[in-house]
Amino acid sequence: MQLPTGPCIGVDLGGTKIAVARVEPDGTLSRRCRIDTRVTDGPKVIIQRMCKEIQKVMGTERVAGIGVAAPGPLNARTGVILSPPNLPGWVDIPLREELEKAFGLPVWIENDANAAAWGEYMRGAGSGADPMLYMTISTGIGGGVVLNGRLFRGADTYAGEIGHTTVDPSGPVCGCGRKGCLEVMASGTALARAAREAAERGNSLLSEWAEQKGTLLTAEHVFSALDKGDEAAAAIVERTVEYLAIGISNVVHLFNPRRVVLGGGVTRSGEWLFNPLRERLGKWLMSSFSGTFDLRQAELGDDAGVLGAASLWAEKRDTFETTS
Ligand SMILES: [Zn+2]
C-alpha cells in the first residue's frame with residue numbers, strides 16, 4: 001500500500017484522559033484536546049467519544065491517517081486491544097478496524113508506553129541515544145525499548161513490559177494476575193497503597209492526613225510528607241526506589257542501553273527519584289555497566305504518546321514490516 005504523506009492525527013488513550021492532536025510531519029502538535037476517558041463506560045461509548053474528538057480535531061481538512069496509543073496488552077500488528085487491566089470490559093476489541101471503518105483512513109494502534117518511548121526517542125529526552133530504554137511510572141508502569149533505530153516489539157508485538165517483570169515473588173498480586181511485578185511494587189498506585197498502610201500503623205503525617213474527612217491518600221501525599229521530614233514517607237520512597245533500581249537494572253543487563261528515560265506522572269516531582277535511584281542502581285548493576293548509560297527525565301510530558309503514535313503511524317511500514 002502506498003502511504004499518503006502529510007499531517008495525521010495522534011491519539012493517546014493511555015491515561016485517565018483521551019488526548020487528541022493534529023501532528024504535522026515535522027512533529028509539531030496543534031489543536032490539542034483532552035477529555036475524560038471515564039473508563040467505566042466500556043468500549044462502545046469510549047470509542048464513540050474518541051471518534052467525536054478525532055472528528056473535532058480533524059475538522060474539514062484532509063489528514064493522512066490516525067495513530068493511536070492505547071493501553072496494553074494489545075497486538076500492534078492486528079490493531080486488536082486484548083484485555084488491558086486499565087480498560088475494564090475491553091476484551092479483543094478490533095480498534096484499528098473500527099477506526100478505519102469510521103474514518104476511511106489508515107490507522108495504527110500501538111501500546112501506549114511504546115508510543116511514548118518512540119516519542120521521547122524522536123523528539124524528547126531520548127534523542128540520539130541507542131539503545132534507549134524508556135519507562136513510565138504513573139498509575140501503572142510501562143516501558144519501551146528502542147534498538148538499532150527502531151522500536152523493539154518482539155515476536156508478537158508484546159515486548160517492553162518492564163512493569164510486569166517480577167521484582168518480588170512474594171509480593172502482592174498485580175493487575176495482570178501475577179505476583180510481585182514492578183508495577184504492583186513501585187507504581188503511583190503502589191505508593192498510594194503503601195501510604196494507606198502506613199496511615200493505619202499511625203505515627204506519621206500520613207495518618208493525620210488520612211483522618212481528615214474525605215482524604216484518600218495518594219502518591220502526592222507521600223511526597224508532601226517526605227518534604228516535611230516524615231519517616232514513614234521516607235521509608236516508602238526508599239523501598240520504591242529500591243524496586244525501581246532492581247527493575248531497571250534487569251533491563252539494563254539485557255539491552256545495555258546508552259540512555260534510560262523516565263516519564264509518567266510520578267516522576268514529575270523528580271527530586272525524590274533521580275539521585276537516590278542513581279545511587280541504588282550502583283548496588284544492583286554489574287560493575288561492568290557502571291557509567292554506561294545516563295538516566296534522564298522525560299521531556300515531552302503528556303505529548304509523548306500522541307506524538308509517538310502519530311510518528312509510528314507515519315513510519316509504520318519502515319518500523320513494522322521488518323519485524324514481521
Ligand atoms: Zn503484573
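Visitor: What is the geometry of the site of the zinc ion?
Guide: This is a predicted model. The zinc ion has four donor atoms, with angles of 105 to 119° among them. Four donors count as tetrahedral if all angles lie between 85 and 135 degrees. The site is therefore tetrahedral.

Visitor: Which protein residues are the donors of the zinc ion?
Guide: The donors lie 2.0 to 2.4 Å from the zinc ion. Their spacing in sequence is H-x9-C-x1-C-x4-C. The residues are H164 (ND1), C174 (SG), C176 (SG) and C181 (SG).

Visitor: How many residues apart in sequence are the parts that H164 and C176 tie together?
Guide: H164 lies in the loop between β10 (150-151) and α4 (182-186). C176 lies in the loop between β10 and α4 too. So the pair ties together parts whose separation in sequence is twelve residues.

Visitor: Which kind of aromatic pair do W118 and Y121 form: stacked, edge-to-face or tilted?
Guide: The whole structure holds three aromatic pairs. In the pair of W118 and Y121, the ring centres are 5.2 Å apart and the planes stand at 35°. Planes under 30 degrees apart count as stacked, and over 60 as edge-to-face. The pair is therefore tilted.

Visitor: Where in the structure are W118 and Y121, and how far along the helix are they separated?
Guide: Both residues are buried. They sit in helix α3 (residues 112-123), three residues apart. Their separation is therefore about one helical turn.

Visitor: Is S311 buried or exposed?
Guide: S311 is found in helix α10 (residues 303-314). S311 touches W118 and M122, leaving aside residues up to four places away in sequence. Its relative accessible area is 12%, and buried means under 20%. So S311 is buried.

Methods: Residues numbered from 1 in each chain as written. Predicted model: local features only at pLDDT ≥ 70, side-chain atom pairs only at ≥ 80, totals over all residues. Heavy atoms only, no water. Donors = N, O, S within 2.8 Å, 3.2 Å for Na, K, Ca; no water. Tetrahedral: all angles 85-135°; square planar, octahedral: opposite > 155°, others 65-115°. Helix = DSSP H or I, 4+ residues; strand = E, 2+ residues; numbered from the N terminus. Phe/Tyr/Trp six-rings, centres within 6.5 Å; stacked < 30°, edge-to-face > 60°. Buried < 20%, exposed > 50% of the residue type's maximum accessible area, 1.4 Å probe, protein only. Contact = heavy atoms within 4.5 Å.
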